[in-house]
Amino acid sequence: MLVIRADLVDEMVAHARRDHPLEACGQLTGPEGSDRPERYIPMTNTDAVESDYAFDSREQLRVHRESEERGEEPVVVFHSHTRVPRRPLTDTGLPEAYPSEKDIQYMGLQPGVHFVIVALTGPDSEHDLRSFLLDGAGAVVEDDVAVVENYMFAHTGSDDVPDPTSRS
């Protein structure tokens, strides 16, 4: 399951809207070993087309080095699907947020990293956000996504608050 803060989702969706009709792309990094995205890094789509994306290699190297210096690692690779659906339009009318063959190849280069796709048909349209991983056999598996306001109770629930009257 991908647990992600709402402000980070808002940043990805805003980036997808801003760059539409081109695909937007970026990375979310977090503390090493945490599987918790903390920082959104918008990146340049060097393909600059409506149905594909590629990170700028120099920018990607800079982000990698900066993340290592900060004790971070990639948790999420993000990109958008715009007016060209990867699969037929869903019953919602949105292009389906599902990995393309090229996306799946990229996923194989970073096992364990969540690949988030935001699908939208226009800069003001509704969006569909989904997350995917590759399983041990290399098959695409959709992640559940939990959008939270903060990570404090994301894994235990909001009722997991110490009783101030009890003494340990």
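Helices and strands on this tour are DSSP runs, numbered from the N terminus: a helix is H or I over at least four residues, a strand is E over at least two. The model is predicted, so local features need pLDDT of at least 70 and side-chain atom pairs count only at pLDDT 80 or more, while totals for chains, interfaces and linings use all residues. Residues are numbered from 1 along each chain as its sequence is written, and side-chain values use heavy atoms, with hydrogens and water left out.

**Stop 1: the pocket**

Select the residues around the largest pocket, to which β2, α2 and β4 each supply at least two lining residues. A pocket is found on a 1 Å grid over the protein atoms alone, as an open set of points where a 1.4 Å probe fits, with protein on both sides within 12 Å along at least five of seven lines; lining residues have an atom within 4 Å of a point. The volume of the largest pocket is about 180 Å³, counted as the space filled by probe spheres set on the grid points, which are joined across faces, edges and corners. Its lining has 13 residues, and those closest to the centre are Gln-27, Gln-60, His-64, Pro-74 and Gln-110. Which element gives the most to this lining? Helix α2 does, with six residues.

**Stop 2: helix α2**

Select residues 57-69, the 13 residues of α2. The expected span of a helix is 1.5 Å times one less than its number of residues. For α2 that comes to 18 Å, which agrees with the 18 Å between its end C-alpha atoms.

Colour Glu-59, Val-63 and Ser-67, the buried residues of α2. They lie on the same side of the helix because they cover an arc of only 70° around the axis, taken from the directions from the helix axis to the C-beta atoms. An α-helix has 3.6 residues a turn, so residues three or four places apart point the same way. Buried means under 20% relative accessible area, exposed over 50%, and partly exposed in between, with a 1.4 Å probe and protein chains only. The cover over the buried residues includes β2, β3 and β4.

Turn to the face away from the buried side: Ser-57, Arg-58, Arg-65 and Glu-69 are exposed there. At the start of α2, a side-chain oxygen of Asp-56 comes to within 3.0 Å of the backbone nitrogen of Arg-58. Just after the helix, Gly-71 has a positive phi of about 75°.

**Stop 3: Arg-39**

Move to Arg-39 in strand β3. Is Arg-39 buried or exposed? Arg-39 counts as buried, at 16% relative accessibility. Beyond neighbours within four places in sequence, its contacts (heavy atoms within 4.5 Å) include Leu-8, Gln-27, Glu-66 and Ser-67. The side chains of Arg-39 and Glu-72 are joined by a polar contact of 2.7 Å. A polar contact is a pair of N or O atoms within 3.5 Å; within protein, one must be able to donate a hydrogen and the other to accept it, and residues adjacent in sequence count only if both atoms are side-chain atoms.

**Stop 4: two loops**

Select the loop between α1 and β2, where Pro-21 is found. A cis peptide bond joins His-20 and Pro-21, with omega about 15°. Glu-23 lies in that loop too and is buried, at 1% relative accessibility. Its side chain reaches the backbone nitrogen of Asp-52 at 3.4 Å.

Finish in the loop between β2 and β3, at Asp-35. Asp-35 has a positive phi, near 55°, although the residue is not glycine. Its relative accessible area of 37% makes Asp-35 partly exposed.
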